[in-house]
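Opening the notebook on a new model. Plan: get the overall numbers, then follow a loop and a hairpin.

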Amino acid sequence: MSEKSEKIYGIELETISKLADIVKEKDLSEITINEMGKVITIKGKKCPPPPPPMGGMMPMSAMPQVQFTASAAGAPGAAGAEVSVQTGAAALPEGNVVKAPIVGTFYAASAPDKPPFVTVGKQVKKGDVLMIIESMKLMNEVQSDFDGTVAEILVKNGEPVEYDQPIMIIK
């Protein structure tokens, strides 16, 4: 195997694989490693406890996927855990980042049969509703803090989101 295929962002695939195996074997919710601006979070099937003022257990899929999120394409990882590699601000496109204010489930529309609040390319003004995040059976409308155009939506409808997770980019 070449040196390029053995490392992802300077981190050995073997190390990532071993950490994923530990998460799976010990039934841990997650392990996060931050070294020299590179953050690796390996999440297992188990959800971490919610923060005290904000709550809600996130539904997790029965089979977590291996996913690398960074400016480059993904690579293979260990089975049985979700792996995220973030290399800092370079991983997100330029623009204003709309982040999840709470832990919950992202919904692009008010109901399954309704059109989404926003789509890529749509003009928004400060105060416009961008999405709903369901947390503890409560539907929380998230409004825009920015005027601009929706450049990118980073999550899919119905996906769980974490506090402070980037959801969309407005330019």
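Predicted model: local features only at pLDDT ≥ 70, side-chain atom pairs only at ≥ 80, totals over all residues.

I looked up Ser 144 and found it in the loop between β10 (138-143) and β11 (148-153). Is Ser 144 buried or exposed? I get 2% relative accessibility. The cut-off for buried is under 20%, so Ser 144 counts as buried.

Next I listed what Ser 144 touches, skipping residues up to four places away in sequence. The list has Val 124, Lys 125, Lys 126, Gly 127 and Asp 128, plus Leu 130 and Ile 170.

I then checked how β10 pairs with β9 (residues 129-135): the two run antiparallel and are joined by six bridges. Across that pairing, I see Ile 132 opposite Glu 141 in β10. The β9 and β10 hairpin has two residues between the strands, and I noted a positive phi near 55° at Met 136.

How many helices and strands does the protein chain have? I count two helices and 13 strands. Of its 171 residues, 31% count as buried. The protein chain exposes about 10500 Å², with carbon and sulfur atoms supplying 54% of that. For contacts between residues at least 6 apart in sequence, I get 53% joining residues at least 24 apart.

Methods:
Residues numbered from 1 in each chain as written. Heavy atoms only, no water. Helix = DSSP H or I, 4+ residues; strand = E, 2+ residues; numbered from the N terminus. Buried < 20%, exposed > 50% of the residue type's maximum accessible area, 1.4 Å probe, protein only. Contact = heavy atoms within 4.5 Å. Areas by Shrake-Rupley, 256 points an atom, 1.4 Å probe, with all protein chains shown as cover. Pairing = 2+ DSSP bridges.
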